[in-house]
Amino acid sequence: MTQLALRNLFFVLLAVTVFAVLDFLFLGFMPALDRGFLDLLQKMREQQLQPDPAIVQLHIDERSLELLADELGRYPWPRAVHAELLHGLLAAEPAAVVFDIVFSDPDRDRPGSDDYFVEVAAADPRVFFAQVLLENKVFSSGVPLDRFGDTLGYTLVEPGDAAVRQAMTLPLPALAATGRLGSINFFADSDGIGRRYVVYKQRGGWRIPSLPMKVAQYLKYPIPDEAFIRLNWSAHPGERVQHSYADVLRLARDNDFTALSKLFADRVVIIGGNAPGLHDFRATPLAGDFPGTGILATAIENLKHESYLQDLPTSVTHAVAGGLLL
């Protein structure tokens, strides 16, 4: 190596070292650089990836809201309509049906509608339900895990505090009692963009699963040890296989099981809203208005294929930053 090359290498290493020290002490620039660099790679890589066709979205979209308005009124609809849909879907032999909807409050005006939905949904082990973990709440008013953890399908992985509680929004009691539920919490980074999905939350010795983890366990996908995964996005909104709720409901009511089987046999079917008025959108590296069903599909897909991303070593991001400074 020539003297000039050695000199240049020395200054590169010096710049990287100085930047690393300054960033650690004062700047805090590296997390933003790490995020920005991986976001750029994601956008470039996404063009070369194909979403898993066995994971599909069934959307309560604007078209469905319009077509069903005269019959069902404003959303949320009576839950009996979900039972009708589910009856047809389950006959099509899907791998799993995942509701990205929190059925939290009972329908006081139509209790029979809730009963019908619970009858259909709770009986089949392929149907999964959403819950939301509430952060920054007074945990003394939460659910006592030593009493209800087993019922809710949580796992006690180590001895814990018998008095530990977790604040959460659960589905209807009969649905929660199936134990086939998981959290759908999706947290944004400091720049407002969500990149990671919770695999599980550990609280007082209890492991509270996310909805993707619960589905993955049932389908025998590998579960990582990490509590979070960095999502590897394989599709922009609209690029994954998706169907309109109203169309599938019509097939279910017509008992057209041949058509339903062609669409849903052996698929993971994620049901949720993507109409603008339902406000189930989040900012991601690929889009500022990514539907919740698409985020859930991405997390399940990442677990299925173990395709989630690994964080860059700090030495790599420091080297990139040092190179940019020269």
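# Exercises on a predicted structure

β1 and strand β14 (residues 268-273) form a parallel pair with 6 bridges; strands count as paired if DSSP finds at least two bridges between them. Helices (H or I, at least four residues) and strands (E, at least two) are DSSP runs, numbered from the N terminus. The model is predicted, and local features need pLDDT of at least 70, side-chain atom pairs count only at pLDDT 80 or more, while totals for chains, interfaces and linings use all residues. Residues are numbered from 1 along each chain as its sequence is written, and side-chain values use heavy atoms, with hydrogens and water left out.

## Exercise 1: strand β1

Describe the partners of β1 and state whether its residues are buried or exposed.

Solution. 

1. Begin with β14: within this parallel pair, Gln57 has Ile270 as its bridge partner.
2. Turn to β13, which runs parallel to β1 and is joined to it by 3 bridges. Here Leu58 is the bridge partner of His243.
3. Sort the side chains by direction. Ile55, Gln57 and His59 point one way, while Val56, Leu58 and Ile60 point the other way, and all are buried. Buried means under 20% relative accessible area, exposed over 50%, and partly exposed in between (1.4 Å probe, protein chains only).
4. Conclude: 6 of the 6 residues of β1 (residues 55-60) are buried, so the strand is largely enclosed by the rest of the structure.

## Exercise 2: the packing of α5 and α11

Find how the axes of α5 and α11 cross, and which residues meet.

Solution. 

1. Two packed helices are described by the angle between their axes and the distance between the axes.
2. The axes of α5 and helix α11 (residues 257-264) cross at roughly 75° and come within 8 Å. Axes are lines fitted to C-alpha atoms, for helices over the stretch in contact, and angles run from 0 to 180 degrees between N-to-C directions.
3. α5 is therefore roughly perpendicular to α11, a label for angles of 65 to 115 degrees (under 35 is roughly parallel, over 145 roughly antiparallel, the rest oblique).
4. On the α5 side, Gly88, Leu89 and Ala91 meet Phe257, Leu260, Ser261 and Phe264 of α11; contact means heavy atoms within 4.5 Å.
5. By class, this contact of α5 with α11 has 5 nonpolar, 2 polar and no charged residues. Ala, Val, Leu, Ile, Met, Phe, Trp, Tyr, Cys and Pro count as nonpolar, Asp, Glu, Lys and Arg as charged, and the others, Gly among them, as polar.

## Exercise 3: salt bridges

Solution. 

1. A salt bridge is a side-chain nitrogen of Lys or Arg within 4 Å of a carboxyl oxygen of Asp or Glu. The count by this rule is 13 salt bridges.
2. Asp114 and Arg79 form a salt bridge at 3.3 Å, N to O. Asp114 lies in helix α6 (residues 111-122) and Arg79 in the loop between α4 (69-72) and α5 (80-91), so the pair ties together parts 35 residues apart in sequence. Both Asp114 and Arg79 are buried.
3. For Glu301 and Arg240, the closest N and O atoms of the salt bridge are 3.2 Å apart. Glu301 belongs to helix α12 (residues 292-305) and Arg240 to the loop between β12 (228-230) and β13 (242-244), so this pair ties together parts 61 residues apart in sequence.
4. Glu301 is buried at a relative accessible area of 5%, and Arg240 is buried at 5%.
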